[in-house]
Amino acid sequence: MLTTSERRPAIRTMRGWAIYVLQEAGAIRECEEHGWMQDRADPHSRERAFDMARGDPPACVSPDAAAAAIRDVLNSIGDSCPECPPD
């Protein structure tokens, strides 16, 4: 019987990998209109992303370097879309 297993998508950069992990953890989301990443400011999702990064870092990357990549992306993303009008 042929079985398939879910594979993670190929990520070309550490930043791309970190964004993928943050999205999987629910720590960031994408603006539906403009595509900008937005920080959800959910501490549980953030901690889940750090746990995922430390537990399953990319090949040849230390758990600390993976966590640092997550932190760098979180520091570069705001909580609102720069193109959306303020509420």
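Where is the place of C60? Select C60 in this predicted model: C60 lies in the loop between α2 and α3. Its phi is near 65°, a positive value in a residue that is not glycine. Most residues other than glycine have a negative phi. C60 is exposed, with a relative accessible area of 87%.

Next, go to A41, in the loop between β2 (37–39) and α2. A41 is not a glycine either, yet has a positive phi of about 55°. The relative accessible area of A41 is 54%, and because the cut-off for exposed is over 50%, A41 counts as exposed.

Now move into helix α2 and select S45. Is S45 buried or exposed? S45 is buried, with a relative accessible area of 1%. Show the residues around S45: apart from its neighbours within four places in sequence, S45 is in contact with A25, G26, A27 and R40.

**The α2 and α3 pair**

Select residues 43–55 for helix α2 and residues 63–76 for helix α3. Two packed helices are described by the angle between their axes and the distance between the axes. Here the angle is about 145° and the axes are 8 Å apart. The crossing of α2 and α3 is right-handed. To see the contact, show side chains of R46, A49, F50, A53 and R54 on α2. On the α3 side, show P63, A66, A67, I70, R71 and L74. By class, this contact of α2 with α3 has eight nonpolar residues, three charged and no polar ones.

**The α1 and α3 pair**

How do the axes of α1 and α3 cross, and within what distance do they come? They cross at roughly 80° and come within 9 Å, so α1 is roughly perpendicular to α3. From α1, the contact takes in M14, R15, W17, A18, I19, V21 and L22. From α3, the residues are A65, A66, A69, I70, V73, L74 and S76. The contact of α1 with α3 divides into 12 nonpolar residues, one polar and one charged.

**The core**

Finish with the largest nonpolar core, which has 19 residues. Which residues have the most contacts inside this core? Select W17, L22, I28 and I70.

Methods
Residues numbered from 1 in each chain as written. Predicted model: local features only at pLDDT ≥ 70, side-chain atom pairs only at ≥ 80, totals over all residues. Heavy atoms only, no water. Axes fitted to C-alpha atoms, helices over the stretch in contact; angles between N-to-C directions. Helix = DSSP H or I, 4+ residues; strand = E, 2+ residues; numbered from the N terminus. Left-handed = near helix turned anticlockwise from the far one by under 90°. Contact = heavy atoms within 4.5 Å. Nonpolar A, V, L, I, M, F, W, Y, C, P; charged D, E, K, R; others polar. Core = buried A, V, L, I, M, F, W, Y, C linked by side-chain atoms within 4.5 Å. Buried < 20%, exposed > 50% of the residue type's maximum accessible area, 1.4 Å probe, protein only. Parallel < 35°, antiparallel > 145°, perpendicular 65-115°, else oblique.
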